[in-house]
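Subject: The structure I promised you

Hi there,

Here is the structure we talked about, ready for you to open. Have a look at it first, and then read on for what turned up.

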Amino acid sequence: CEIAPSTSANFVMFYQNQTLIPNGTYTLIQNTEGEIVVPSELDRNVFLGLPDYNRNEVEHLQFLGGFTHEFGSGLKLEGQAGYSNTDSQAQSVYTYNYFPATLYAGVYNRSYERAIETYDAELRFGGDFELFGRNHKFLVNAEYRKIQRDDPRYAYVYLGFVDQFDPDFSFVDTSAPGFESPLAGFTKEERENFGIGGQLLLN
């Protein structure tokens, strides 16, 4: 939008809140000729997991803004800034086969949560100037960036195995003491970057 004849600004906001239900995966099997093939005869409507338990929730918020101001002497000042925040949590019972060419797949449980927050800003000033009868250009700029990340890591819990052709998850007990994924470590990060620069073009 135009704030004044020589000044304009823009602003954008994005918000996302979604819930997905992740499924397990089919693995390659061995046919009667001994070839490793995709199990095309499997019923693709079969859910390889627990649809009432599996959840992947993501919430994302982002702001972007900037401005431009032009001076009457041919100089220009520009700036922009951004912010984002993403939180995600997931829990899933799923199938995975470490040994392809078999009909059976292992059943696992996993859970995790992750938070990432970022900040950034840029400022630029430059334009044309005249010296010794010729037109020249210059630009100076500065920027700032910051990221904060909190990423706990959870172990995968092996629960048993099922037949890919006819999976039965009735043995999975979500209330059992050993069902939940234990914390296996975490990553915490906070990083800041600063930068300044300049350019001069002489004719």
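What radius of gyration does the chain have, when a compact globule of 203 residues would have one near 17 Å? The chain has 28 Å; this radius is taken over C-alpha atoms, and the globule rule is 2.2 Å times the number of residues to the power 0.38. Along its principal axes, the C-alpha trace spans about 85 × 45 × 30 Å.

Before the details, a word on how to read them. This is a predicted model, in which local features need pLDDT of at least 70 and side-chain atom pairs count only at pLDDT 80 or more, while totals for chains, interfaces and linings use all residues. Residues are numbered from 1 along each chain as its sequence is written, and side-chain values use heavy atoms, with hydrogens and water left out.

**The chain as a whole**

You will find 10 strands and 0 helices; these are DSSP runs numbered from the N terminus, with at least two residues (E) for a strand and at least four (H or I) for a helix. Buried residues make up 26% of the 203 residues, where buried means under 20% relative accessible area, exposed over 50% and partly exposed in between (1.4 Å probe, protein chains only). Among contacts (heavy atoms within 4.5 Å) with a separation of 6 or more, 72% are between residues 24 or more positions apart.

The chain exposes about 13,200 Å², and carbon and sulfur atoms supply 55% of that; accessible areas come from the Shrake-Rupley method with a 1.4 Å probe, and for residues only the protein chains shown count as cover. There are 14 positive and 28 negative charges, with mean positions 10 Å apart. Lys and Arg count as positive and Asp and Glu as negative, leaving out His and the chain ends; each charge is placed at NZ of Lys, CZ of Arg, CG of Asp or CD of Glu.

**The core**

Which residues make up the largest nonpolar core? The 8 residues are L50, Y53, V93, V107, V162, F169, V172 and F179. Such a core is a set of buried Ala, Val, Leu, Ile, Met, Phe, Trp, Tyr and Cys residues joined through side-chain atoms within 4.5 Å.

F179 sits in the loop between β9 (157–163) and β10, and is buried at 2% relative accessible area. Beyond four places in sequence, the contacts of F179 include Y53, V93, V172 and T174. F179 and V93 are 86 residues apart along the chain, yet their C-alpha atoms are separated by 10.0 Å. Y53 also touches Q91, S92 and N109, among others.

- Y96 lies in strand β6 (residues 75–96) and is partly exposed at 39%. Leaving aside neighbours within four places, Y96 is in contact with T25, A105, G106 and Y108.
- I196 belongs to strand β10 (residues 183–201) and is exposed, with a relative accessible area of 80%. Apart from neighbours within four places, I196 contacts N141 and A142. The C-alpha atoms of I196 and L48 are separated by 53 Å.
- F132 is in the loop between β7 (104–131) and β8 (134–154), and counts as exposed at 77% relative accessibility. F132 has a positive phi of about 55° although it is not a glycine. Most residues other than glycine have a negative phi.

Enjoy exploring!

Best wishes
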